[in-house]
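I am opening a notebook page for a structure I have not looked at before. I want the salt bridges, the chain interface and the cores, in that order.

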Amino acid sequence: MIDDLDQLAGNGLDDPSDDGFDEDSTGRFIRPYAMTGGRTEVGTDIHLESQIQASARASAHLGAYRWEAARVLDLVQSPMALVEVSARLDVPIGVTRVIVADLVKDGSVIVHVPEQTQSFTSLLEKVLDGVRNL
Amino acid sequence: MAFATSDPTAGTARRNKIPVKIVVAGGFGAGKSTFVGSISEIEPLRSEAVMTTASDQLDDLTHTATKATTTVAMDFGRIALTEEITLYLFGTPGQERFHFMWNELSRGAIGAVVLADTRRLGDCFPAIDYFEARNVPFVVAVNPFDGVRTHPIATIREAVQVPESVPMLFCDARARLDVKLALVTVVEHALNRQRAGARV
């Protein structure tokens with residue numbers, strides 16, 4: 001799966017002969033910012049560490065997505081941080097955030113928002129116990 | 001559609017997964033990636049951020065508004081601390097011109113580990129200044145590259161000019177136990193400050 005991803009990501013993103021606008025057929029042969037239509041400032045409330053997960057509705061939309069969105073859905077079958085999606089997709093953070101924000105809009109993924117069921121102090125205490133046990 | 005019942009989350013955040021993060025900063029070659037790699041439970045990954053910045057005035061003889069893009073790479077790792085809490089470690093370049101990245105990294109961070117290289121102590125000043133100015137709890141971890149802890153901590157503390165309230169320790173970034181101790185120290189420091197009400 002990772003090999004496949006590398007192949008996809010390397011299949012045009014770094015190709016200097018690419019004009020960045022041929023996105024009709026496979027959608028692969030485009031530059032990162034062409035993937036997002038130049039939008040880079042949406043979804044800024046999705047943090048680097050925010051957990052992204054495919055929703056039940058994802059499979060219904062899957063056929064309609066281009067490869068990069070489909071790859072995101074594949075990666076986030078279990079929750080994965082935005083930054084890890086970016087790294088595994090080999091696409092810059094800002095671009096990944098836009099793709100994820102679009103998927104959120106479609107209802108295909110959810111961003112986990114931790115419930116505030118505990119104080120920050122008690123969270124830090126748990127973290128401290130956790131690192132001590134490493 | 002066939003899989004509609006395989007995912008019970010159905011658009012709501014069901015499980016209370018809590019990601020937390022610690023920033024690992026320091027000058028070029030101070031051992032940030034090594035530090036992350038020593039304790040991460042996954043092979044450290046690299047992600048990139050592309051920023052458009054106004055170009056340096058000195059490069060701009062025509063005084064026209066030109067822009068340059070900078071790509072900043074960060075290495076990160078993760079560790080599942082409990083069923084619900086996952087710790088992310090971000091190693092990030094320490095140069096001042098990358099502050100835009102630090103803003104994002106520091107947002108919501110528990111704290112920071114500033115790695116100091118005894119051969120180039122000055123390289124960690126930007127990171128120290130940054131975290132001090134933004135009230136982010138940090139510790140200074142001195143990576144003894146020569147393998148010999150020739151300078152006492154007190155001397156290094158004086159050289160990097162951090163107050164006694166900032167924990168300092170030696171930390172061989174290759175040694176898992178040293179890295180663990182640095183993490184314990186920064187979380188303890190953050191917790192102490194939290195309890196003292198220093199961080200609102």
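I start with a definition: a salt bridge is a side-chain nitrogen of Lys or Arg within 4 Å of a carboxyl oxygen of Asp or Glu. The model is predicted, local features need pLDDT of at least 70, side-chain atom pairs count only at pLDDT 80 or more, and totals for chains, interfaces and linings use all residues. Residues are numbered from 1 along each chain as its sequence is written, chains are lettered from A and ligands numbered from 1 in the order in which they are written, and side-chain values use heavy atoms, with hydrogens and water left out.

**Entry 1: salt bridges**

I looked up A:Lys105 and found a salt bridge with A:Asp102, with 3.5 Å between the closest N and O atoms. Both residues lie in helix 6 of chain A, three residues apart, about one turn of the helix. I note that helices (H or I, at least four residues) and strands (E, at least two) are DSSP runs, numbered from the N terminus. An α-helix has 3.6 residues a turn, so residues three or four places apart point the same way.

For burial I use these cut-offs: buried is under 20% relative accessible area, exposed is over 50%, and partly exposed is in between (1.4 Å probe, protein chains only). A:Lys105 is exposed because its relative accessible area is 66%. A:Asp102 counts as partly exposed, at 24%.

Next I checked A:Arg66 and A:Glu68, whose side chains meet in a salt bridge (2.9 Å, N to O). A:Arg66 is partly exposed at 26% relative accessibility. A:Glu68 is buried at 4%.

Over all chains the rule gives 16 salt bridges.

**Entry 2: where the chains meet**

How many residues of chain B are in contact with chain A? I count 49 of chain B against 42 of chain A, with contact meaning heavy atoms within 4.5 Å. The two chains bury about 4100 Å² between them, 64% of it on carbon and sulfur atoms. Buried area is the accessible area (1.4 Å probe) that two parts lose on being put together, summed over both.

Six salt bridges cross this interface. In one of them, the side chains of A:Arg132 and B:Glu188 meet at 2.7 Å, N to O. B:Glu104 and A:Arg97 form a salt bridge too, with the closest N and O atoms 2.2 Å apart. B:Glu104 lies in helix 2 of chain B and A:Arg97 in helix 6 (residues 93-106) of chain A, so the pair joins two chains. Both B:Glu104 and A:Arg97 are buried.

**Entry 3: helix 2 of chain B again**

B:Ser106 is also found in helix 2 of chain B. B:Ser106 counts as buried because its relative accessibility is 10%. Not counting residues up to four places away in sequence, B:Ser106 touches B:Val23, B:Tyr130, B:Phe131 and B:Val136.

**Entry 4: cores**

A nonpolar core is a set of buried Ala, Val, Leu, Ile, Met, Phe, Trp, Tyr and Cys residues joined through side-chain atoms within 4.5 Å. Which members of the largest core touch the most others? They are B:Phe131, B:Phe138 and B:Val140, out of 38 residues. Helix 3 (residues 125-133) of chain B gives this core its largest share, four residues. A second, separate core has 34 residues, including A:Leu124 and B:Val20.

**Entry 5: helix 5 of chain A**

I ended on helix 5 (residues 82-89) of chain A, where seven of the eight residues are buried. A:Asp90 follows this helix, and its phi is positive, near 60°.
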